[in-house]
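Please brief me on the structure shown here.

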Amino acid sequence: MAEIDFLIRNARLSGRNLPVDIAFAGDRIASVANGITCDAPSFDAGGKLATPGLAETHIHLDKAGIIGRCALCEGTLAEAVRETAKAKAAFTEADVYARAATVVEQAISHGTTLMRTFVEIDPRAGFRSFEAIKAIRRDYADAIEIIICAFAQEGLTNDPGTEEMLAEALANGAGQVGGCPYTDADPAVHVTKIFDLAERFGVNVDFHVDFDLKPEGSNLGAIIAETKRRGYQGRVSIGHVTKLSALEPDAFAEALAALAEAGIALTVLPATDLYLNGREFTHLVPRGMTPGHRLIAAGGIATLSTNNVLNPFTPFGDASLMRMANLYANIAQLGTPDDLATVYDMMSGQAERLLGREPAAIVEGGPATVVLFDAENPAEAVARVAPALCGWRNGKRTFERPPARILCSPGR
């Protein structure tokens, strides 16, 4: 065993009955065992849950924190797109950096160690947001890995210049490409062009798609067909897809089977999907949130994520994935330990798979990346919205959250 530099004592791993010690040697885990003896500095985890951290698959850092700059009257998707488009024309690189840094620091403090962010690139945004998020990625690399997805929020066929700008971004630091067919005058061509860019640069692709509660008019068929035609199974993800929540059971099951067979992963965005959908109903308002855990049961990949923070798409939020998981479990009516463990997986192992990774584990030889949550197991963490207590990434301490002190309890 390599010489130990640091030791986390008395940590609880999912699936193990007894706490263990986790030894670091540089940026790797040297050992995971009971009763490790050494003279290295140590930290007592107090029997709390040790994890490799959470993974955020779908967030928009570039347009976070702009709610005060936008008119919010209708609470609709069309208004959110329109108001954000107005605001982003005035974005500066420094402005985007400052707002994004706030959200990234929140995410780190809530236990997120991996994040994919979409960055809008078009003639209005230019490359200002892109340059700012590249700087964020560099400056916070010790605490979190950030994947940038160059994103066409407002269309391609109806927005000359955007396609060429996306290509430039992909040649200069973006790791994925994303499209939004429902904002394009020709959704099918939009899908084709985004896939063309993905193939040209050899990157994975994402689509924000089917973002309403009308069963008809889905763009999933075009995405599934292109995925198969290009052999892109396992490299495509889709976000929102709230139309699925409006399908009859048989049609829903067929859609899940088609997604699983095509290797297309789904991200559910509970806060945004709830906030923007169903406003046309006066009573018994539908939840408008697709039960992604059912895609997992069908053999596919499904995740849950934050999407937006404090903007017209979602005028609240703090980048806490654990809070989002608890919200999802409430809406989806999931409460058994097994169900809650699945929800936890939607922001950990499933999320890593969507991002093209094998799920991380705290094992000998693995990265010395550990986040402690105030719970004994993943299901309890989701049920209690357990706070992240502290974390390390590649052997470096990245954050700490001191526990609250109650000053008026009996005996004080």
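Arg82 is partly exposed, with a relative accessible area of 35%. Buried means under 20% relative accessible area, exposed over 50%, and partly exposed in between (1.4 Å probe, protein chains only). The side chain of Arg82 meets that of Glu74 in a salt bridge at 3.4 Å, N to O. A salt bridge is a side-chain nitrogen of Lys or Arg within 4 Å of a carboxyl oxygen of Asp or Glu.

This is a predicted model: local features need pLDDT of at least 70, side-chain atom pairs count only at pLDDT 80 or more, and totals for chains, interfaces and linings use all residues. Residues are numbered from 1 along each chain as its sequence is written, and side-chain values use heavy atoms, with hydrogens and water left out.

**Salt bridges**

- The structure holds 27 salt bridges.
- Glu74, the partner of Arg82, is partly exposed at a relative accessible area of 40%.
- Glu226 and Arg229 form a salt bridge through their side chains (3.0 Å, N to O).
- These two residues sit three residues apart in helix α6 (residues 220-229), so about one helical turn separates Glu226 from Arg229. Helices (H or I, at least four residues) and strands (E, at least two) are DSSP runs, numbered from the N terminus.
- An α-helix has 3.6 residues a turn, so residues three or four places apart point the same way.
- Glu226 is buried, with a relative accessible area of 12%, whereas Arg229 is exposed at 58%.
- A salt bridge also joins the side chains of Glu261 and Lys228 (2.8 Å, N to O).
- That pair links distant parts of the chain: Glu261 is in helix α7 (residues 249-262) and Lys228 in helix α6, 33 residues apart.
- Glu261 counts as exposed at 52% relative accessibility, and Lys228 as partly exposed at 40%.
- A network of salt bridges links Lys63, Lys88, Glu120, Asp122, Arg124, Glu154 and Asp159.

- Helix α1 (residues 77-88) has twelve residues. From first C-alpha to last it reaches 16 Å, close to the 16 Å expected at 1.5 Å a residue. The expected span is 1.5 Å times one less than the number of residues.
- Nine of the twelve residues of α1 are buried, so the helix is mostly covered.
- The buried residues of α1 are Leu77, Glu79, Ala80, Val81, Glu83, Thr84, Ala85, Ala87 and Lys88.
- They pack against β7 (112-120), α3 (128-139) and α8 (270-276). Contact means heavy atoms within 4.5 Å.
- In helix α4 (residues 162-170), the buried residues are Thr162, Met165, Leu166, Ala167, Ala169 and Leu170.
- The cover over the buried residues of α4 includes α3, β8 (145-151), β9 (176-179) and α5 (187-201).

- Phe24 belongs to strand β2 (residues 20-25). Phe24 is buried, with a relative accessible area of 1%.
- Not counting residues up to four places away in sequence, Phe24 touches Glu3, Ile4, Asp5, Phe6, Ile8, Ile29, Ala30, Ala368, Val370, Trp392 and Gly395.
- From Phe24 to Pro187 it is 163 residues in sequence and 50 Å in space, C-alpha to C-alpha.
- His110 lies in the loop between α2 (93-109) and β7. His110 is buried, with a relative accessible area of 16%.
- The side chains of His110 and Arg401 make a polar contact (3.4 Å). A polar contact is a pair of N or O atoms within 3.5 Å; within protein, one must be able to donate a hydrogen and the other to accept it, and residues adjacent in sequence count only if both atoms are side-chain atoms.
- Beyond four places in sequence, His110 touches Leu54, Asp318, Ala319, Ser320, Phe373, Ala388 and Arg401.
- Asn219 is found in the loop between β10 (204-209) and α6. At 14% relative accessibility, Asn219 counts as buried.
- Leaving aside neighbours within four places in sequence, Asn219 is in contact with Pro181, Tyr182, Pro187, Val209 and Asp210.

**Cavities**

- A search of the whole structure finds two cavities of 30 Å³ or more. On a 1 Å grid over the protein atoms alone, a cavity is a set of points where a 1.4 Å probe fits but cannot get out; lining residues have an atom within 4 Å of a point.
- The largest cavity holds about 40 Å³ of space. Grid points are joined across faces, edges and corners, and a volume is the space filled by probe spheres set on the points.
- Residues lining the largest cavity include His60, Lys63, Gln153, Tyr182, His208 and Phe211. Also in its lining are His240, Thr272, Asn307, Asn308 and Phe313.

Notes
1 Å grid on protein atoms, 1.4 Å probe; cavity = no way out; pocket = protein on both sides within 12 Å on 5 of 7 lines; lining within 4 Å.
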